[in-house]
Amino acid sequence: MTVILRFLLFLFALLNLALAGLVIAGLFQWQPALQTIETYFLQAAYMSQSWWIGLIVVCAWALICLLFLIPALKPKKKPKKVKYINTTSSHGSVQVPMETVEDIAHRSAATKPGVRHVDVSCSRAGENVVTLNVTVRANERADESYLSQEVEESIRHDVENYAEVTIKNLNLKVEGAEASSQRSKQKVQ
């Protein structure tokens, strides 16, 4: 909760207590409370100073109430379901999110010289086994066959060592500068 919301909540609680105290004191016929209620709310003449003070207090109160009512009516976002891969090692069983495996593969491929852009998707192929689909866009000067081999070795090594997940299939597609520039021209048209 932010500082501003905490302050508004404190202010709201304080005003609620003051209003409740004023009403309760009025119910027990305490004169200052009765005079305040009568002066600013019950007997205020139209457009008089007391009328304006009462109007400002009521409007401020309504705004503060709305500030707390609107977030209460907003529907809550459902948490995103995370897909896991169960891995077992000598240390025990761990659930590794597929997103983590994708991030490891992405970083592993993106660090290779000659790589401009990387897209990775992961799917479970069994217990402790995944299939990775990787698309790499290479620079103009990069040797695609060499880059393909380097990226594949790097991804296999990093995913299997860091996530302790076996890669069943690594579908790697390396696109040269020509293919990616043609795709960008198609998007423009």
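Colleague: How many of the 10 residues of strand S4 are buried?

Modeller: This is a predicted model, where local features need pLDDT of at least 70, side-chain atom pairs count only at pLDDT 80 or more, and totals for chains, interfaces and linings use all residues. Numbering starts from 1 along each chain as its sequence is written, and side-chain values use heavy atoms, without hydrogens and water. Strands (E, at least two residues) and helices (H or I, at least four) are DSSP runs numbered from the N terminus, while buried means under 20% relative accessible area, exposed over 50% and partly exposed in between, with a 1.4 Å probe and protein chains only. S4 is mostly covered, and its number of buried residues is seven.

Colleague: Why does Thr 131 count as buried?

Modeller: Thr 131 has its place in strand S4. Contact means heavy atoms within 4.5 Å, and beyond its neighbours within four places in sequence, Thr 131 touches residues including Ser 121, Cys 122, Lys 168 and Asn 169. Thr 131 counts as buried because its relative accessible area is 12%.

Colleague: What is the phi of Asn 128?

Modeller: Most residues other than glycine have a negative phi. Asn 128 sits in the loop between strand S3 (115-126) and strand S4 (129-138), and it counts as buried because its relative accessibility is 17%. The hairpin of S3 and S4 has two residues between the strands. Phi of Asn 128 is positive, near 65°.

Colleague: Is Glu 164 buried or partly exposed?

Modeller: You will find Glu 164 in the loop between helix H5 (144-163) and strand S5 (166-175). Glu 164 also has a positive phi, about 55°, although it is not a glycine. Because its relative accessibility is 36%, Glu 164 counts as partly exposed.

Colleague: How many residues does the largest nonpolar core have?

Modeller: A nonpolar core is a set of buried Ala, Val, Leu, Ile, Met, Phe, Trp, Tyr and Cys residues joined through side-chain atoms within 4.5 Å. Val 134 is among the residues with the most contacts inside the largest core, whose residue count is 26. At least two residues of this core come from each of helix H4 (98-110), S3, S4, H5 and S5. So, to come back to your question, the number is 26.

Colleague: What is the accessible area of the nonpolar surface patch of Phe 7, Phe 10 and Leu 14 together?

Modeller: Patches are made of residues with over 30% relative accessible area and no salt bridge, joining like charges within 9 Å and nonpolar side chains (Val, Leu, Ile, Met, Phe, Trp, Tyr) within 5 Å; a salt bridge is a side-chain nitrogen of Lys or Arg within 4 Å of a carboxyl oxygen of Asp or Glu. Accessible areas come from the Shrake-Rupley method with a 1.4 Å probe, and for residues only the protein chains shown count as cover. Phe 7 lies in helix H1 (residues 3-27). Together the three residues of the patch have about 330 Å².

Note on methods: Pairing = 2+ DSSP bridges.
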